[in-house]
Amino acid sequence: MRKSDRFLLFVAGALALLEVARLHSLHRGRERNEEVRGMASMARRLGLTDLSLATDARYARHPSQADRFAPFQDHPTSLEHFPSGTLIAPPPP
Amino acid sequence: MKRLHIPTWLERQRYLLDFTLSSLGRRKGKNLALTALYAMVVFGLASVLMYTQALRGEAMRILEGAPDVVVQRMVAGRHDLIPADRVERLSRIRGVQEARGRLWGYYYDASAKANLTFLVPEKFWGKAGEVVIGEGVARTRLAAPGEPFPVLASDGSVVILKVRETVPSPSELVSTDLVLLSEPDFRRLFGVPPDLYTDIALTVPNEKEVPMVAAKIRGQMPDSRPITRAEIARTYEAILDWRSGLVVLVLAAALLSFGIVAWDKASGLSADERREIGILKAIGWDTSEVLAVKAWEGAVISLSAFLVGLLLAYVHVFVTSAPLLTPVLKGWSTLYPSFRLTPTLNPFLVSTLFLLTVVPYTVATVVPAWRAATTDPDAVMRS
Amino acid sequence: MIRLQDVRRVFHQGRPDELVAVDGVSLHIEGAKVTVLRGPSGSGKTSLLALVGCMARPTSGRIHVGDREVTSLPEHFLAEVRRRTFGFVFQQFHLVRGLTALENVMLPAYPLGGSRKALVIRAQGLLDRFGVGSRSRARADWLSGGEAQRVAIARALVNDPQVIVADEPTAHLDSKLSAGFMDLVAALRDEGRTVVIASHDPIVHDSTVVDRVVTMRDGRIVGEEP
């Protein structure tokens, strides 16, 4: 097969897979939608304020409820020392 | 002489692509490694962006169920227990339909080395001495319904509670570390006097009155800190903002260093490449065709990397629940949620990634070739 | 066929290392004839060849290819003239390394964007004609000197040009292969093509195939025979 055709075929294949991913996202999104709705109603029932993403620090477990300066308890410019802090930054002042 | 004739143009581009692929095929190993490296950078970037974007989307929807206002008491700049009589005072503020004292706190379980969140629901459906635990708690403490659940109380005694049931798994994103229990059990375990609560949640039916209510609370109780639901939402907007977060920073650095490598590779046109461009020009190729070949060269590598990286990132985040990102979230904790986020292939995200990866790389390949492509074709005869 | 009027080509003009490669040459190259430019290295024959082949523009003077004045054409159109009218054979053959012999022969036709099937047949036909058809899938860097030159000639002919321009084509060939090359030149002329060769190899300019020998020195024409 001609080289350019092979490459174009590869691109077409990748785009087809991307379309499969899109269809998957629609399908799985509907499924997950129910779960998210369930979690919203659980949050309402239990009065939850935060996602339980990380449990290693107070400000990581309940970022919205933490003291504003919690990440800097040791020193105002102390470096972040919890790994989850790489994804969960301290809330803005 | 040269009008744009679409079939001829297309055929010409296919020929140029043929040549580009043959040309890349000469250093197959090197070019494949380069593409793989680039695909990995795209994969990392796309994974973080997809993950945080999906998480933010779910957080926004879930937290619509959060209390309208949470009132904390601050003592010397720290969150402290709030007197129960304030429930009454807060409920009298105009716009507040209901005020409710909440009891919750953290408990470090030394045997599982896990931080748990103990919480008293408004209406606990279990009996005294019973707990309802999140899936994550069940996993790390290996406790199943019906089994004992020992807790070290604040007075040093060990209180044996009993697991009534677990919170169903699909809600792990909010419930994984929860231990739900009755109010008397909570007060007994943590030694909280009956006239104190952790904080107070308010129901304010009219959203527009929330800022006013918050201002009033600050005025009437200067040591309090009201947190509105909008502020909660803003916190999550901010922490899951794709610009923040060291991961993106690190990846940006990776992208940058890759850019430098790519630039170095592309800009340092080798003597061979220069000679080749000379030959092409000598046998009748035009400057524009030489540049088109260079553009194809950049596009073939970066487009392949983009497509492969994007697809792998989708599978990684939404089919396999991002195993490479969880170590970051897990951090030093032993208890972490397991969840599969709502998949999205956001067109904005996809096009941003495309523009960030394919365009600069292609430009970085074409620009250095410009000089070589515009030299006189007879240069090749003089060498 | 090709007429040059008082053509000059100066490199690095106005700088201390200024070099006049071609100094006021007027020459008429007739169609369907074999013309050889002879002279020592540095005499300007390669530079003149580049001007004849529209690979470079003269610093001054005019060049006509057929009825067309090409000195004032923009680069883009010059490239068009170059690929439709001329076929080039270089001293080092200048095949593109890593590509197969067949791909090398096809290269000059890529910008034209014609049918690929026809192009493959044409290119393979040319390789067959020059006795290297069996090597069409071999990479250019694996070819022997003689094979490489035949592939280079096939490449020069793929767009069916009227004029073949060759720069020192026998420099890397032994006497037998050089004589073989002149036989090919004779065949091309008999097809009605114009051939212009720059060479200081006696095998070339003493060959009976050659219609005219132009001798150059210091960028000027110093002799013509016949």
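The buried residues of helix H7 of chain B pack against strand E1 (69-75), helix H3 (85-91) and strand E12 (224-228) of that chain. Contact here means that the C-beta atoms of two residues, placed from the backbone, lie within 7 Å. Helices (H or I, at least four residues) and strands (E, at least two) are DSSP runs, numbered from the N terminus. The model is predicted: local features need pLDDT of at least 70 and side-chain atom pairs count only at pLDDT 80 or more, while totals for chains, interfaces and linings use all residues. Residues are numbered from 1 along each chain as its sequence is written, and chains are lettered from A and ligands numbered from 1 in the order in which they are written.

Helix H7 of chain B spans residues 210-220, and its buried residues are Val210(B), Val213(B), Ala214(B) and Ile217(B). A residue is buried if 20 or more other C-beta atoms lie within 10 Å of its own, exposed if 12 or fewer, and partly exposed in between, with C-beta atoms placed from the backbone. Seen down the axis of H7(B), the buried residues fall within an arc of 100°, so they line one face of the helix; the arc is that of the directions from the helix axis to the C-beta atoms. An α-helix has 3.6 residues a turn, so residues three or four places apart point the same way. On the other side of H7(B), Ala215(B) and Gly219(B) are exposed.

Chain B is divided into domain 1 (12-62 + 240-382) and domain 2 (69-203), with bounds that come from an automatic or database domain assignment. Taken over C-alpha atoms, the centres of these two domains of chain B are separated by 49 Å. Their contact takes nine residues from domain 1 of chain B and 12 residues from domain 2 of chain B.

Chain B also touches chain A, in a contact that takes 61 residues from chain B and 50 residues from chain A. On the chain B side, helix H11 (residues 287-319) provides the largest share, six residues.

In chain C, six strands form an open sheet of mixed pairing, in the order E6-E7-E8-E3-E9-E10. Two strands pair if DSSP finds at least two bridges between them. Strand E6 (86-89) and strand E10 (220-225) of chain C are the edge strands, each pairing on one side only. Within chain C, strand E3 (residues 34-38) and strand E8 (residues 194-198) run parallel and are joined by four bridges. Leu37(C) stands opposite Ala198(C) in E8(C).
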